[in-house]
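This report describes selected features of one protein model.

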Amino acid sequence: MDLLQQFIERAKKRPARIVFPEGHDQRIVSAAAQAREMGIAHPVILGEIGAVKELAMKEGVDIDGISVISPHDPSFVERYARIYAQARDMREAIAVKLVRKPLSFGGMMVRAGDADAMVGGVDSATATVIQTSSLTIGFGENISTPSSFFIMIIPEFAGEKDKVFLFADCAVNIQPNARQLAEIGVATGGNARRLLGMEPKIAFLSFSTKGSANHTDVDKVVEAVDIARKMKPDYRIDGELQGDAAIVSRVARKKVKESPVAGEANVLIFPDLDAGNICYKLVQYCANAKALGPLLQGFAKPVNDMSRGATVDDLVGVTAITSVQACG
């Protein structure tokens, strides 16, 4: 069974309430119907009720039994505006205007406990999804930076079939500072445990291994490792490590004297977006690897952003993963 199918099977056992804020898009209506039929989620579609039902009829999909909520419904708007105004220290009249926007309404559904997670982005920029989720859902404990990760499945690696790595951050933070890099590492390690049942072995990557080169970029990674260890002393964390020293035991034995991670890392933290984005794409195409993501992390409750070119199948797959993130 491939990894995505495993997520689907896990989601069926504990389907989450997932809100889809872009109910005007036919892909959302179709994906929500499939998710409900497969039993991987209890979907909530945001949009004008008549328009959503008309779109469903046009697409030939059955949304009976799926909650469709208007983001202008006063019974929700008033409560969400009150919660938002208190959290952001603003007047409720201003908050009302904000929470009527579908993405904000969806985020407030999650914050208020009326939904477990949100999947959006098919008709919104990634920056908008992240900013809105930051203001509505908020961040997890000790986290101030939203980030992303990819699940990379490599068909053959060091004699192991379907070797799984987590790569971060490959899609959001361009030049994270040491604190942000540490948060990315800790958040990704948490996802390795919760999503994949892996004991995270987190390598903070650099062009240097244990002082083999001197540069401010190396110093940043060393500082990030120190911060991450203090944040999560129970995690296996090391750095700075070059890519080969992190994942190849033969190289690690030559380059590193002692390390809880070197040669066997499964969570790779890149020093900046250049390195992360370039590497995941090279691995994806040169190693014929499967890349699941980018998946967002760092928020108090799960939210995932979809490409505006996403297909219905893409949405269903991410819905299954999000359901697992929310409910295990």
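## Strand β4 and its partners

The model is predicted. In strand β4 (residues 117–120), Ala117 and Val119 point one way, while Met118 and Gly120 point the other way; all of them are buried. β4 is joined to strand β1 (residues 16–20) by two bridges, and the two strands run parallel. Within this pairing, Met118 of β4 is the bridge partner of Val19. β4 also pairs with strand β11 (residues 303–305), in the parallel sense and over three bridges. There, Gly120 has Asp305 in β11 as its bridge partner.

These pairings belong to an open sheet of five strands in the order β3-β2-β1-β4-β11, with parallel pairing. Its edge strands are β3 (67–69) and β11, each of which pairs on one side only. On average, neighbouring strands of this sheet are turned by 20 degrees against each other, direction ignored.

## Nonpolar cores

The largest nonpolar core contains 61 residues. Phe7, Ile40, Ile63, Ile151, Phe204 and Ile269 have the most contacts inside it. Setting aside residues up to four places away in sequence, Ile63 touches Val29, Ala33, Arg36, Val52, Lys53, Ala56 and Val68. There is also a second, separate core of 25 residues, and Ile69, Ala81, Val129 and Ile137 are among them.

## Aromatic pairs

The count of aromatic pairs comes to eight. One of them is formed by Phe76 and Tyr80, whose ring centres are 5.9 Å apart with 45 degrees between the planes, a tilted arrangement. Phe76 and Tyr80 are separated by about one helical turn, because they are four residues apart in helix α4 (residues 74–88). Tyr80 has a relative accessible area of 0%, so this residue is buried.

Phe165 and Phe167 form another tilted pair, at 6.4 Å centre to centre and 55 degrees between the planes. Phe165 counts as buried at 2% relative accessibility, and Phe167 is buried with a relative accessible area of 3%. Ring pairs link Phe165 and Phe167 with Phe157 and Phe270 into a cluster.

## Cysteines

A search of the whole structure finds zero disulfides. For Cys286, the nearest cysteine sulfur is that of Cys279, 10.0 Å away, and Cys286 is in no disulfide. A disulfide would need the two sulfur atoms within 2.5 Å. Cys286 counts as exposed, because its relative accessibility is 67%. Cys327, in turn, has a relative accessible area of 17% and is therefore buried; the cut-off for buried is under 20%.

## Two individual residues

Asn191 is found in helix α8 (residues 178–196). With a relative accessible area of 6%, Asn191 is buried. Leaving out residues up to four places away in sequence, Asn191 touches Phe149, Leu166, Leu196, Gln297 and Gln325.

Lys201 lies in strand β7 (residues 201–205). Lys201 and Asp238 are 37 residues apart in sequence, and their C-alpha atoms are 8.2 Å apart in space. Apart from its neighbours within four places in sequence, Lys201 is in contact with Arg236, Val261, Glu264, Ala265, Asn266 and Val267.

Conventions. Residues numbered from 1 in each chain as written. Predicted model: local features only at pLDDT ≥ 70, side-chain atom pairs only at ≥ 80, totals over all residues. Heavy atoms only, no water. Buried < 20%, exposed > 50% of the residue type's maximum accessible area, 1.4 Å probe, protein only. Contact = heavy atoms within 4.5 Å. Pairing = 2+ DSSP bridges. Axes fitted to C-alpha atoms, helices over the stretch in contact; angles between N-to-C directions. Core = buried A, V, L, I, M, F, W, Y, C linked by side-chain atoms within 4.5 Å. Phe/Tyr/Trp six-rings, centres within 6.5 Å; stacked < 30°, edge-to-face > 60°.
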